[in-house]
Amino acid sequence: MNRLLKYRHLATVICSISLCVFLLAQCVSNETGKPPVAAAAAAPTVTRDQFAGSEACASCHQAIYATHIHTAHYLTTRPATQAAIKGSFRSGSNSFSYTGDMIVRMEKTDSGLYQAGYYRGERQIAKRFDIVVGSASKGQTYITRYHHYLFQLPVSYFSAAHKWANSPQFPAHQALFNRSITSRCLECHTTYAQKISPPAQDPEAFNTDNIIYGVDCERCHGPGAKHVTYQRQHPTDRTARFIVNPATFTRQQSLDLCILCHGGRLQKTRPSFSFVAGDTLANYFAFSRIPPPPGDIDVHGNQYGLLSASKCFRQSQMTCLTCHDTHVNERGKTTVFSQRCIACHRSGHSPVCKLLATRGAAILTNCIDCHMPLQSSHSITELLPGAVKPTAARIRSHYIAIYAPH
């Protein structure tokens, strides 16, 4: 009982464990073992007033904006509303039970939506849903605010089972409400967040009024306030000013933009949100561009490591954008991705897909399931109600290879 009552005083029991959630790509361990390297020069300071917000982009880029807001990137964080939260708040479907006589119930009250912890039927703690993390393609986890601090809530939602589940890597015997969120977590799940605590302070504090939710236009095109102001003042100038165009990037610049969040656990050498699209990632993080063997990489979080070990990658100039259109939600569209494979593996190109001759047009609909199969993640697992062992999220491997039949 005493152990549970201490949750009322979160500020005195905050731990420094980083957020592990469904779509937290940076939280998968692929450590380089190397110490941080010194940056060559001070990074320019990125501030909230440099951003215009993606809604400002819509006036000139309406079609792109209309499709982008449905992508997993854009939906990776947003304010918590009942419409955004996928789990049920209905009695009988709104709870998760722990092994130590603890139950967490999802409750809707006049003051908001809460996760409430009950010990032997007595309500001990209640923390509000403030931020949703995850598009729900695999699941969602949730963040609560405590003054200027952010904490992950103990119960997440697992889409494959359509159920509430214990948050990834949380203990099964008690509900923890004190796992702190770091700026590195937010760096991959928001476009901007303003840290207001000193460098050595743990946990970190944020100005939560200045969070720009989701990975939106300005995460990949750079802060756009100057661009918006200029183009509105010069509507006849068709040259985009004061904005980053990833289409002009070198291969490494393009890859660096994706590695920031899809390159495993990177050890930062400069403050979070210093890196801007088009920069050299090695000036901001200590990491190895040589990945470990594919068998040592979890399918969650280090898609670059898996891709860069593939022959397709090593024998071409492909980048992530060769296959992915980040402006459109293409999840589950195997035919679309398979046609992009065939664009390189067709007659007149090398190597040619050997099955084109025997299977013909049928192969155009699904190369993906054979050469990039869904695999169980070792790091993203969810303990479902009544289960003894956690259930692994199945995530598509980005190691493009010929897999053994199964």
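Reader: Over which residues does pLDDT stay under 50, and how many contacts beyond four places in sequence does the model have there?
Author: That's residues 1-41, with 116 such contacts. A contact here means heavy atoms within 4.5 Å, and pLDDT is the predictor's confidence in each residue, from 0 to 100. Where pLDDT is low, the predicted coordinates should not be read in detail.

Reader: What ground rules apply to the rest?
Author: This is a predicted model, where local features need pLDDT of at least 70 and side-chain atom pairs count only at pLDDT 80 or more, while totals for chains, interfaces and linings use all residues. Residues are numbered from 1 along each chain as its sequence is written, and side-chain values use heavy atoms, leaving out hydrogens and water.

Reader: What is the mean pLDDT of the protein, and what share of its residues reach 70 or more?
Author: The mean is 87, and 88% of the residues get to 70 or more.

Reader: What makes the link from the side chain of Asn166 to that of Tyr98 a polar contact?
Author: The rule asks for a pair of N or O atoms within 3.5 Å; within protein, one must be able to donate a hydrogen and the other to accept it, and residues adjacent in sequence count only if both atoms are side-chain atoms. The Asn166 and Tyr98 side chains come in at 3.0 Å, so the distance passes. Another pair that makes the list is Tyr213 and Arg145, whose side chains are joined by a polar contact of 3.0 Å.

Reader: Where is Tyr213 found, and what does it touch?
Author: Tyr213 is in strand 13. Not counting residues up to four places away in sequence, Tyr213 touches Thr77, Arg78, Pro79, Ile131, Arg145 and Thr191. Tyr213 and Pro79 are 134 residues apart in sequence, yet 7.8 Å apart in space, C-alpha to C-alpha.

Reader: How do you know which side of helix 10 is its buried one?
Author: Helices (H or I, at least four residues) and strands (E, at least two) are DSSP runs, numbered from the N terminus. In helix 10 (residues 334-344), the buried residues are Phe337, Ser338 and Ile342. Seen down the helix axis, these buried residues fall within an arc of 145 degrees, so they line one face. The arc is taken over directions from the helix axis to the C-beta atoms. What covers them includes helix 11 (356-359) and helix 12 (368-371).

Reader: What makes strand 9 covered on both faces?
Author: Val155 and Tyr157 on one side, and Ser156 and Phe158 on the other, are all buried in strand 9 (residues 155-158). In a regular strand the side chains alternate between the two faces of the sheet.

Reader: Why do strand 9 and strand 10 count as paired?
Author: Two strands pair if DSSP finds at least two bridges between them. Strand 9 and strand 10 run antiparallel with 4 bridges, so they qualify. Ser156 stands opposite Ala165 in strand 10. The two strands form a hairpin with 4 residues between them, and His162 in the turn has a positive phi of about 55 degrees. Strand 7 and strand 9 are antiparallel too, joined by 2 bridges, so they also meet the cut-off.

Reader: Is His147 exposed or buried, and what about its phi?
Author: Exposed: its relative accessibility is 63%, which is over the 50% mark. His147 has a positive phi of about 55 degrees although it is not a glycine, and its place is the loop between strand 7 (139-146) and strand 8 (149-152).

Reader: What makes the peptide bond from Asp202 to Pro203 stand out?
Author: That bond is cis, with omega near 5 degrees. Pro203 is in the loop between strand 12 (190-195) and strand 13 (206-213).

Conventions
Buried < 20%, exposed > 50% of the residue type's maximum accessible area, 1.4 Å probe, protein only.
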